Structures are given as C-alpha cells and as structure tokens.
Amino acid sequence: MSGVWVFKNGVVRLVENPAGESLDGSSGRRKVLIHTPSNEIITSYSVLENKLYSLGWERYYDDPHLLQFHKRSTVHLISLPKDFNKFKSVHMYDIVVKNRNMFEVRDM
C-alpha cells in the first residue's frame, strides 16, 4: 500500500495517487456516474431516481435534508445530499457498491 496520508477536518485518509489528486481532496478530473446497461451519464436526481426505481429501490422520506433510497430485500440505504451539485464521488461509489454491474464511476 503506497501513497500519502492526508489529515483534513479530523479525518485521516490515504491518497494512493497523490499526483492525480490534490492534497485538499479535489481531483483534477471530474467523476461521473454511468448507468452501464444504457451507457447513460446520470445528470440529475430525476434520472437517477428512475434508474433506481427500476432496480427495486424506493424513496425513503425519513430525513428532510437528504434524498434517501431503500431496497426492501436488503438492509442497504442510499443517502444523498438534496442538492445535486453536492453529489460527489463518494456518493457515486456507494451507489455502485449497492448495485453491482448496474453503475460505474468514470473520469471525464
């Protein structure tokens, strides 16, 4: 395991490719979420919501500050910021992990 350990806002994390990511956590390249069956870039929450509904996810209205989805057959919960502009790669990877082979994250 190689890289640089970065301490920011009380959190320590390993940046494995320090040349590809600045020390403040911002990446040089923009990441996008792709729906792999259709090869469509997710450009809004309405597009994402339609894709998740088709996979059996339901809206969960417990927190007014978050957009949340729950799948009855699992214990998984997807929590996203209400503002799509705050939709970051960590949220994208959460969706990818909970929906294997349906989404992927790519650099733009």
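## The sheet and its strands

In this predicted model, strand β3 (residues 31-35) pairs with β4 in the antiparallel sense over two bridges. Within that pairing, Ile-34 has Ile-41 of β4 as its bridge partner.

The open sheet to which these strands belong consists of three strands in the order β4-β3-β8, with antiparallel pairing. Its edge strands are β4 (40-41) and β8 (103-107), each of which pairs on one side only.

## Helices against the sheet

Helix α1 packs on the sheet and touches β3, β4 and β8. The direction of α1 makes about 145° with that of β8. Helix α2 lies across β3 and β8, and runs at about 25° to β3.

## Aromatic pairs

The structure holds four aromatic pairs. One of them joins Tyr-45 and Phe-84 in an edge-to-face arrangement, with 5.0 Å centre to centre and 90° between the planes. Tyr-45 lies in helix α1 (residues 45-54), whereas Phe-84 lies in the loop between β7 (77-81) and α2 (89-98); the pair therefore ties together parts that are 39 residues apart in sequence.

Phe-84 also pairs with Phe-87: the ring centres are 5.2 Å apart and the planes stand at 25°, so this pair is stacked. Tyr-45, Phe-84 and Phe-87 form one aromatic cluster.

## Burial within the cluster

Tyr-45 has a relative accessibility of 10% and therefore counts as buried, the limit for this class being under 20%. Phe-87, at 9% relative accessibility, likewise counts as buried. Phe-84 has a relative accessible area of 24% and is partly exposed.

Methods: Residues are numbered from 1 along each chain as its sequence is written. This is a predicted model: local features need pLDDT of at least 70, side-chain atom pairs count only at pLDDT 80 or more; totals for chains, interfaces and linings use all residues. Side-chain values use heavy atoms; hydrogens and water are left out. Rings of Phe, Tyr and Trp (its six-membered ring) pair if their centres lie within 6.5 Å; planes under 30 degrees apart count as stacked, over 60 as edge-to-face and the rest as tilted. Helices (H or I, at least four residues) and strands (E, at least two) are DSSP runs, numbered from the N terminus. Buried means under 20% relative accessible area, exposed over 50%, partly exposed in between (1.4 Å probe, protein chains only). Two strands pair if DSSP finds at least two bridges between them. Contact means heavy atoms within 4.5 Å. Axes are lines fitted to C-alpha atoms, for helices over the stretch in contact, and angles run from 0 to 180 degrees between N-to-C directions.
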